[in-house]
Amino acid sequence: MTEGASAHSSGPFEVAIAGGGFTGRALALALAKLAPKGFAIALVDAETPRADPQPGSAPPKQDARALALSAATKNLLSVLGVWPALEEGAQPIASIEITDSPLHAELRPHFLGFEDVLGADEPGAYLVEYGALYRALEEAVARAGGIAIFAPDSVTDYSTNAFAVTTALASGGVLTARLLVAADGRNSKLRERAGIKCVSWSYPQVGIVTTVAHTKPHHGRAVQHFLPAGPFAMLPLTGNRSSIVWTEEKERGAEIMALDEAGFTAELATRFGAKLGEIKLAGPRQSFPLALQIARSFVADRLALIGDAAHVVHPLAGQGLNIGMRDVAALAEIIVEDARLGLDVGSPMGLERYQRWRRFDSAFSAAVMDGLNRLFSNDAAPLRVLRDLGLGLVDRAPAVKRFLVREAAGATGSVPRLLIGERL
Ligand SMILES: Cc1cc2nc3c(=O)[nH]c(=O)nc-3n(C[C@H](O)[C@H](O)[C@H](O)COP(=O)(O)OP(=O)(O)OC[C@H]3O[C@@H](n4cnc5c(N)ncnc54)[C@H](O)[C@@H]3O)c2cc1C
């Protein structure tokens with residue numbers, strides 16, 4: 001089924017977006033709301049859409065993840081009118097604690113806390129469930145109008161000339177546009193088709209994700225517990241619930257995933273500790289392969305990459321989607337400005353501006369996440385002493401902590417206007 005438009009030779013559109021995940025939908029919405037009247041947008045997504053997404057209806061697919069959204073991502077979602085639907089179920093992070101100790105240590109000494117630098121009036125981040133964010137964006141796109149949706153369908157190929165990009169769909173349809181945006185995820189076909197290589201490596205780790213209910217309240221405290229196999233994060237959700245992102249060595253991860261519920265819960269409880277009382281599973285469990293991947297270029301002729309198509313980072317600091325939303329905000333700002341001036345939105349100048357704005361920032365974030373994972377996923381005694389010393393020093397340096405919090409909140413560097421809550 002193709003929703004909203006005939007699949008055969010459609011267009012011309014100004015922008016065609018391949019991929020209706022979080023970043024693809026957020027960009028479509030930003031353009032529909034902020035670009036000049038009559039700006040034609042196409043969104044192609046491989047997922048089957050629900051016939052009529054209604055407020056409060058069930059999400060289309062189950063995903064065990066919860067996402068830590070930075071204050072900057074919240075600002076973007078507010079300008080796009082999505083945040084009100086998420087607010088009630090979003091858990092503000094009131095404090096962050098980092099501990100570093102072996103698995104069976106009785107005590108987990110606190111090395112780094114951010115209570116003293118987190119703003120009292122505006123939390124730096126919020127935890128939101130995957131399905132809730134998916135549903136809110138899907139509903140907002142349906143409400144916005146002006147977006148021709150082709151789903152379920154997928155982009156299989158494209159070609160360009162001096163004026164346009166022509167996109168082939170699996171259904172046999174063809175779309176023409178000024179600019180094609182690849183928001184098609186980590187295995188992006190469009191990136192491959194454009195011949196863009198990636199700097200990438202796989203971690204010998206998996207990320208196990210689930211939700212637990214506990215008997216004591218978390219008071220909005222997020223805990224990152226660095227264990228020898230990798231970070232174990234306990235992230236507060238609304239009510240007495242926490243989302244778990246548990247990094248394990250690949251083989252051990254597969255063994256843990258194969259355990260029955262009692263065995264899995266027992267392994268989880270060893271790592272979770274006793275601070276929040278008794279725990280029980282309160283959601284599905286899921287395991288993700290972990291990789292670092294940065295596209296060598298974020299642009300090609302009439303093509304821009306956003307989100308996981310451009311970069312995949314280790315989930316230890318919950319930044320992957322936040323970095324993707326920075327792409328969305330930067331690209332939307334450039335496209336809207338060019339469209340208002342009547343310029344070609346697929347021109348090399350606009351694309352080069354996007355590349356300069358986003359590529360260094362994404363590579364820097366990926367490198368920081370990679371460095372932290374290497375430093376902490378290791379039980380060698382000298383490294384342990386070094387990092388504990390380092391964390392202790394950072395704990396006593398409020399200026400460094402303030403920088404880290406501002407970085408996590410997406411408030412450092414050259415920030416696109418949508419991320420500070422300004423309409424374009
Ligand atoms: C364990 C784990 C925990 C995480 N936690 C966090 C967190 O706390 N905070 C955070 O910011 N990030 C987090 N992330 C990262 C975050 O989940 C991703 O960065 C984000 O989901 C990527 O969104 P996207 O829209 O770029 O891609 P995707 O969500 O992968 O969407 C791609 C879409 O494109 C469609 N598609 C694919 N190919 C085609 C095609 N050829 N044509 C048309 N459509 C196509 C797919 O069907 C899909 O709908 C986490 C990741 C993991 C693995």
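Is Tyr126 buried or exposed? I looked this up in the predicted model. Tyr126 has 9% relative accessibility and therefore counts as buried, the cut-off being under 20%.

I then examined Phe232 and Trp246. Their ring centres are 5.8 Å apart and their planes stand at 70°, so this pair is edge-to-face. Phe232 is in strand 14 (residues 230-237) and Trp246 in strand 15 (residues 241-249), 14 residues apart. Both Phe232 and Trp246 are buried. I also recorded one aromatic cluster formed by Phe22, Tyr130 and Tyr134.

**Entry: charges over rings.** I found Arg193 over the face of Tyr158, 5.4 Å from the ring centre. Arg285 lies over the face of Phe264, at 4.2 Å from the ring centre.

**Entry: cavities.** I found 1 cavity of 30 Å³ or more, and the volume of the largest cavity is about 40 Å³. Its lining consists of Leu179, Leu331, Ile334, Ile335, Asp338, Val345, Gly350 and Leu351. Helix 8 (320-340) and helix 9 (348-376) are the elements that each contribute two or more residues to this lining; helix 8 gives the most, with 4 residues. By class I recorded 6 nonpolar, 1 polar and 1 charged residues in the lining.

Note on methods
Residues numbered from 1 in each chain as written. Predicted model: local features only at pLDDT ≥ 70, side-chain atom pairs only at ≥ 80, totals over all residues. Heavy atoms only, no water. 1 Å grid on protein atoms, 1.4 Å probe; cavity = no way out; pocket = protein on both sides within 12 Å on 5 of 7 lines; lining within 4 Å. Points joined across faces, edges and corners; volume = space filled by probe spheres on them. Nonpolar A, V, L, I, M, F, W, Y, C, P; charged D, E, K, R; others polar. Buried < 20%, exposed > 50% of the residue type's maximum accessible area, 1.4 Å probe, protein only. Phe/Tyr/Trp six-rings, centres within 6.5 Å; stacked < 30°, edge-to-face > 60°. Lys NZ or Arg CZ within 6 Å of the ring centre and 35° of its normal.
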